[in-house]
Amino acid sequence: MPDELRGGGGLVTVGTAAQLPFAYGDRAQVQAAIQDHGLGFTVEEARSLAELLGRDPTPLEAHLFNTMWSEHCSYKSSKPVLKRYLPTDSPFVVLGPVEDAGVVEIGEHEGRTYVAAIGHESHNHPSQIVPYEGAATGIGGIVRDVYCMGADVFAVLDSLRFGDPRGTNAERSREIMHGVVDGIAGYANPLGVPNLGGETAFHPGYDDNCLVNVICAGVMPADRLIHSAVPAEAREEPYDLILVGKGTDSSGFGGAVMASRILDEEEDLRSAVQVPDPFLKRVLRNATLEVIALARREGVAVGFKDLGAGGIACVASEIAHAGGVGVELDLDRVHLQEEGIGPEVIACAETQERFGWAVPQSFTAHVLRIYNDDYELGAVSRSARASVIGRFLPDEPVMRVRWRGEVVGEAPTADITAGVVVERESAAGRDRTRDEVEFQGDPKDLVLKVLASPNVSSKRELFSHYDQEVRGGTSFRPGESDAGVARPVAGAAFGVTLSSDGNPHYGEIDPYWGGANAVVEAVRNVVATGGRPRALTDCLNFGNPENPEVFRDFVEAVRGIADAARGLGTLELREEEPLPFVSGNVSFYNESATGRAVPPSPIVCCLGVLPDARTATGVKVTAAGNRIVLIGERRDELGGSAAAQVLGQLDRGRVPTARFEVERDCAKVVLELIEVGVVRAAHDVSGGGLVTALAEMMLGSWARVELGLEIDVRPLPGASDFARLFSETGAYLVEMADGPLPAELAGVPHVELGWVTHGRELKLRGEAGEIRLTAEELEEAWGRSFRELME
């Protein structure tokens, strides 16, 4: 006979679902129940759940709260730090980091205001376990986040981190890298989404934990924004919950919890990784846009949310709570791809390619017709369809789950979605005393070795796998400019620029400047392309937050990105207006069972706007006789540099720093010069230093030298030619036509370095003499070394 228990959700009739002995079992019994059911709770958290419910939980409830209380979903370690430091608002922000994607105003066209929806996520653990599927579903998830805001995706980017390709685990690192790249291409290409950029770095700290961070941007008229909430109209008329997409199976069950723990190589976690289907996603996208258009024409208020972590139960509780209502689910009405799975799996599995709609019952038939009849989802993927799986409760703010006619779970939506907060201990600050990087040798040999190093050399071998021009809106492909450039609205003058950045060697030495430099470089890349920075996103990748040293590094990195965002500002508005973070993700537990964590890895994306996309500026020099001017400060900052890595001196040197007010002034001047047409090409100085930036301006995206440079570094500050050439203090290199220097430069630090020549070589004149690098030497070192290394 069913048992009736009274708990926090009221009278709950539990049928065949046995309760887990969290309330009154002894510690050993609680721990055994946690392990038997594959949960991630501590014993204390299990006790807290029983106290919250007022009774022992059912297996479904245990798995639901296990997901919602995971680090991945609740941000239980990071939430107080993020709230304390990060700016999230500006006059351009339509929606900050409160739903599946942030929304930012980007321009007007034909009397309509357009906005960009942008999201930033990680799929690190899944990609380490099953590289192809992990990376592909990472793209799939972030694309869903943007689609469910009502936007049409126009770009994805990826920031990738792999182990040392020359180290003891080189073969495995290369295998993971190839799988990840193939997974990204294998999903985004058939979906029809261009890859506009990203960056890839290698470090021994990623041998056991690769990082796959993905960014997605979409566009829509501002009045088409859909929220991840049941509309207020649901209090006045009946609303249904419609599940759309792939048939539910057990794939991805426990995925959020797996992403919130340390990986153990002895444990097979492949079942926690989802299975992608980009072809179904493409049909879903087209059908979804039709539903959105019809709802708008009919004046129907709807809510829309993608199914990610926690599956059906999480999306139902979140969308209901956001709308101030409850929800009743009937799991028997869920379309399945796999028979014989229990209610907790049906409710919480993270099967890919699914969305949840909150629509009036009067509109339900239209939604079902579009997906099931007009687009025939079942013909695209077995068991795919749209099904009504529940109804919203206007006067009862709970989630009630039924299966086979019985209640198998019930709790207030406020309790389900509240999450938990854990106070973490933070260690004392690091000792930043370091000796200077030293060099006594052949500078030309060092230049070629730096250009050939894995973190500096051309990554065309990787990004050539991606379709960059599908949709026809790409203005600059990866490598042609410092940031990707797209014109997402057909016929509109404005464009959008996107760049993502981060340096693990900086973060390893000084997490504060690792974070700050990620912001400064992302902004600098957008500015060098001609974009006005509008918004930031972040993905913060760290080890175990229970380790005080790891948590200290996390806090320092967040302080760094926040200070840089405030110090640089939006450039278009008052100086006190910070650059806002509108989306982001925290990924902890990137650590192996041996206790080896990834280096502190804050990765930041900047979205900028080009008022006139025709002013977008590329990297490659354009005409002999033009001048090369450096705009920005120079300091001897070689800590974490590519040169230090080549020389085996990563334990030496100071990491690059920035005076934010000077960076802001330089960015404004560069933008102004680009917009008035003075600048012919522009490139930032960053990884590899000044000499690398000069070589890349000659090489361009295709590693083909057509024009040369003649440069004199003696006017630059610095203790030596070595420091002048290889210091990674950030700055801009710009190509300008010959003639008097623009008056705008008077207010910022700048040095005229030389000019563009017809000779296909790089001439560098310093205090110690002249270095000459031929086109063939540059093309071989920078253009071909990475391909040979990967093979």
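Reader: Happy to start with the sheet that holds β3. In which order do its six strands lie?

Author: Six strands form this open sheet, and their pairing is mixed; two strands pair if DSSP finds at least two bridges between them. Helices (H or I, at least four residues) and strands (E, at least two) are DSSP runs, numbered from the N terminus. The order is β3-β4-β5-β8-β6-β7.

Reader: Before we go on, what kind of model is this, and which pLDDT limits apply?

Author: Residues are numbered from 1 along each chain as its sequence is written, and side-chain values use heavy atoms, with hydrogens and water left out. This is a predicted model, in which totals for chains, interfaces and linings use all residues, side-chain atom pairs count only at pLDDT 80 or more, and local features need pLDDT of at least 70.

Reader: Thanks! Which strands stand at the edges of that sheet?

Author: An edge strand here has a single partner strand, so one side of it is left without a neighbour in the sheet. Neighbouring strands are turned by 25 degrees against each other on average, direction ignored. The strands at the edges are β3 (93-95) and β7 (195-202).

Reader: What is the bridge partner of Phe476 in β17?

Author: β16 pairs with strand β17 (residues 484-486) in the antiparallel sense, over two bridges. The partner of Phe476 is Val485.

Reader: At what angle do the axes of α3 and α11 cross?

Author: Axes are lines fitted to C-alpha atoms, for helices over the stretch in contact, and angles run from 0 to 180 degrees between N-to-C directions. Angles under 35 degrees count as roughly parallel, over 145 as roughly antiparallel, 65 to 115 as roughly perpendicular and the rest as oblique, and α3 and α11 are therefore roughly perpendicular to each other. The axes of α3 (residues 59-68) and α11 (residues 311-322) come within 10 Å, and they cross at roughly 70 degrees.

Reader: Which residues of α11 make that contact?

Author: Contact means heavy atoms within 4.5 Å. On the α3 side, Leu64, Thr67 and Met68 take part; on the α11 side, the residues are Ala313, Cys314 and Glu318.

Reader: How many residues of α23 are buried?

Author: Buried means under 20% relative accessible area, exposed over 50%, and partly exposed in between (1.4 Å probe, protein chains only). Helix α23 (residues 689-699) is largely enclosed by the rest of the structure, because its buried residues number 11 of the 11.

Reader: Is Arg404 buried or exposed?

Author: Arg404 lies in the loop between β14 (398-403) and β15 (406-412). Although not a glycine, Arg404 has a positive phi of about 55 degrees. With 63% relative accessibility, Arg404 counts as exposed.

Reader: And Leu571, buried or exposed?

Author: Leu571 also has a positive phi without being a glycine, at about 70 degrees. The loop between α20 (548-568) and β20 (581-587) is where Leu571 sits. Its relative accessibility is 14%, so Leu571 counts as buried.
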